[in-house]
Structure formats: C-alpha cells, structure tokens
Amino acid sequence: MRVIYSEDHKLRDAKTELHDGQLVTPFEAPFRAEWILAAVREAGFEDVVAPEAHGLETARKVHDPAYLDFLATVWERWVAAGHKGEAIANSFPVRRTSQRVPENIVGMIGHYANAADTSITKGSYQAARASMRCGLTGADWLHAGNRFAFALCRPPGHHAGFDLFGGYCFINNAAVAAQRLRDHGAKKVAVLDVDFHHGNGTQDIFYQRGDVFTASLHGDPIHAFPYFLGHADERGEGEGLGANRNYPMPRGTPWEQWSTALADALARIRSFGAEAIVLSLGVDTFERDPISFFMLTSEDYIRMGKLIAGAGLPVLTCMEGGYGVPEIGLNVANVLTGLEA
Ligand code: SP5
Ligand code: ZN
C-alpha cells in the first residue's frame, strides 16, 4: 500500500482550542501525523511518498470558491485588523439571520465556521492545501490501477462543508478525492466515514448528489460533536435521496455493535454500485480516545480493515481524527494491515 505524506502538515500548529470553556493546547496537533507515520512504517508500509502538485481545480467542485478564497486570506486579514490571538469564530449566522457575508473579519469567520473549537493560524491554509494534495495523489494512485492507498492527511477534512470549516477541518480531503475519482471516470463512488464524529461536512457536500454515496458511523449527535447533523433519518435530497446513510450509536458502543453497522453500510455501498471507496478513517473510536465514547480495541482495527476490503473495491484511506494516546499509530497501521490481509 502506498502511503502519501507531506511534511507541510507541521504548518498547522495552533496553540489554542476552545474546549470546556478554556483555551487548551489543541487535540489535533503535529505529533499525531508523526506517530501515525512511524507506526505505519514500523508495520511494514515503507512506500512513503510526498504528494504531487495539485491546484484547487478539484476542490472548487466540492467547496464554494469564495470559501476557498476566505481560507487563503483569513489569517492575513485577521492580523491586519489588529487581533492579537489566533483567529476564533464567536458570532454565527444562526436561525432567522442573514446569510450575507460580512466584510468585517470577525463576522466573516463566523459566517464560514460551524464550530468554535478550531482556531485559524498562520500556515493553517498551507497545511490544509498539502493535506488535500495527499488525498488527490491517493486518488490518482487508485486511478492508475492500484487497489489501496493511504493518504496521511493532516489537518483532517470530514467536518469541512461546502462553505464551512470547523472540527479541526478546513478542506474536505475525502470529498476532493472522491470528486477526483469521479473526474477520472468512476461513475459512482462512496465515502465511508468511520471517524467517531459524524462526517457532517462530507454529508453536506454530497447531500443532493446521486453519484457519491455517503455513509457515516458515529457517536449519536444528541450526545456528541458535531451535534447538529448525523441523525438516522437524514437520507439525502433530490438526486441524492437514498445516497446518504447515518449510523448514530450510543456511549460505550463496542465492536460487536459497531461492526453490524459497518456491514450494513458496506452492503449498501455495494448495491449502490460504487466503483471505489474513499475511507474517512478516524481512530477516535478507540476505547481510550480522550474526546470520544466508543470502545473499540486495537485488534478491532484489523477486523475493520478486513471487513472493508471484503467489499472487493479499491480503497483510498484518508486520515481524519484520533487523539492523544500512543495507540493511534498502531490502530491506523492495523486498519491498513487488515485491508491488505
Ligand atoms: C476530525 C475530528 O475528529 N474532529 C473532531 C472535532 C471535535 N471538536 C470538539 C470536541 C468536543 C469534545 N467534547 C468532549 C469532552 C470530553 N471530556
Ligand atoms: Zn473525529
């Protein structure tokens, strides 16, 4: 399995995350990618390459171009306005408000944010661009006839919507990669999101499209971030009706229950007719993840990889969440091992 990794992820190194009413050191930090890369190499995945150069052509098909312009310029605008700290949204266009984009940078950042957990910093956009390029390079690797690739994306992407950042995500790497596979000629593709958190950004981007099936297994949004999307009755709209599936699950969910949902999602991906799977892989489903509440063990990640490979489709794995504990590396490596078993 080819691994695609960019050193540029280190440019995303925020000092603050608004968490429990305090500004803490972010859970989503550079050590994550370093630990995952080391463990993946240790497990024998030694074909590690840097991403190819890619512009924003594909990203513009899944994100609002004005949003991408915002991402490219927000830090400079924030600094120019004289703000001292990292850029954090604090006012939002909620119910019964206008969707006009403010010119004031505080208003603008609120307009484009879906959560205040994510500070924007110098270098965040450059890192997000490199992360996206990892996904695109992985999509190209599948198009070249290979069955598997692992895009070690950092920052993650699945909470980034059509015109929204948050949940540590800026550009939706998996969505951009799925679009690339479509542009390469795949008639239908699936994004399978196994991160602990609902893939609200991915669902948003493809909700009205019938060519990309989206499925997400996650902590019930009644109890877990991102709170406002991810319920079982969200099935898609218009041409996308029937092409979105959510599997919200309760606190303490173990492998037995979780894998039943995975099997159902895979069966639906098959009957949809997907030609490839983009796997949004978060290992924050681990029993000792610091911000989540599922009970998967390290061995379960091997089972996960095997089950997913059992669908018989090419799989591009894009890294999403998974925090804090040393096992994040092993857990990711185990999924890759299971895929190739
Ligand atoms: C990619 C990804 O996994 N993003 C997750 C972003 C979650 N940010 C908000 C986390 C809130 C967690 N609150 C749980 C407190 C447990 N003590
Ligand atoms: Zn997550």
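Mentor: The structure holds one cavity of 30 Å³ or more, where a cavity is a set of points on a 1 Å grid over the protein atoms alone at which a 1.4 Å probe fits but cannot get out. This is a predicted model, in which local features need pLDDT of at least 70, side-chain atom pairs count only at pLDDT 80 or more, and totals for chains, interfaces and linings use all residues. Residues are numbered from 1 along each chain as its sequence is written, chains are lettered from A and ligands numbered from 1 in the order in which they are written, and side-chain values use heavy atoms, with hydrogens and water left out.

Trainee: How much space lies in the largest cavity?

Mentor: About 50 Å³, the volume being the space filled by probe spheres set on the grid points, which are joined across faces, edges and corners.

Trainee: And which residues line the largest cavity?

Mentor: The lining, meaning residues with an atom within 4 Å of a point, consists of V191, D193, H198, G199, T202, Q203, T214, A215, S216, N244, R245 and N246. Strand 6 (189–193), helix 6 (200–206), strand 7 (212–219) and strand 8 (244–249) each give at least two residues to that lining; helices (H or I, at least four residues) and strands (E, at least two) are DSSP runs, numbered from the N terminus.

Trainee: What is the make-up of that lining by class?

Mentor: There are two nonpolar, eight polar and two charged residues, with Ala, Val, Leu, Ile, Met, Phe, Trp, Tyr, Cys and Pro counted as nonpolar, Asp, Glu, Lys and Arg as charged, and the others, Gly among them, as polar.

Trainee: Are H197 and D284 buried or exposed?

Mentor: H197 and D284 are both buried, that is, under 20% relative accessible area, whereas exposed means over 50% and partly exposed lies in between (1.4 Å probe, protein chains only).

Trainee: Switching to rings, how many aromatic pairs does the structure hold?

Mentor: It holds 14; rings of Phe, Tyr and Trp (its six-membered ring) pair if their centres lie within 6.5 Å, and planes under 30 degrees apart count as stacked, over 60 as edge-to-face and the rest as tilted. In one of these pairs, Y67 and Y112 have ring centres 5.7 Å apart and planes at 50°, so the pair is tilted. Y67 lies in helix 2 (residues 65–80) and Y112 in the loop between helix 3 (105–111) and helix 4 (124–143), so the pair ties together parts that are 45 residues apart in sequence.

Trainee: What relative accessibility does Y67 have, and what about Y112?

Mentor: Y67 is at 0% and counts as buried, and Y112, at 4%, also counts as buried. Ring pairs link Y67, F70, Y112, F165 and F170 into a cluster.

Trainee: Which charged residue lies over the face of W141, and which over F272?

Mentor: R2 lies over W141, 3.9 Å from the ring centre, and K188 lies over F272 at 4.6 Å. For such a contact, NZ of Lys or CZ of Arg is within 6 Å of the ring centre and within 35 degrees of the ring normal.

Trainee: What about the backbone: where are cis peptide bonds found?

Mentor: One joins R154 and P155, with omega about 0°, and P155 sits in the loop between strand 5 (148–151) and helix 5 (173–183). Another joins F225 and P226, with omega about 10°, and P226 is in the loop between strand 7 and strand 8. Most residues other than glycine have a negative phi, and most peptide bonds are trans.

Trainee: What is the phi of Y168?

Mentor: Y168 has a positive phi of about 75° although it is not a glycine, and with a relative accessible area of 9% Y168 is buried. R96 also has a positive phi, near 60°, but at 79% relative accessibility R96 counts as exposed.

Key. On a 1 Å grid over the protein atoms alone, a cavity is a set of points where a 1.4 Å probe fits but cannot get out, and a pocket is an open set with protein on both sides within 12 Å along at least five of seven lines; lining residues have an atom within 4 Å of a point.
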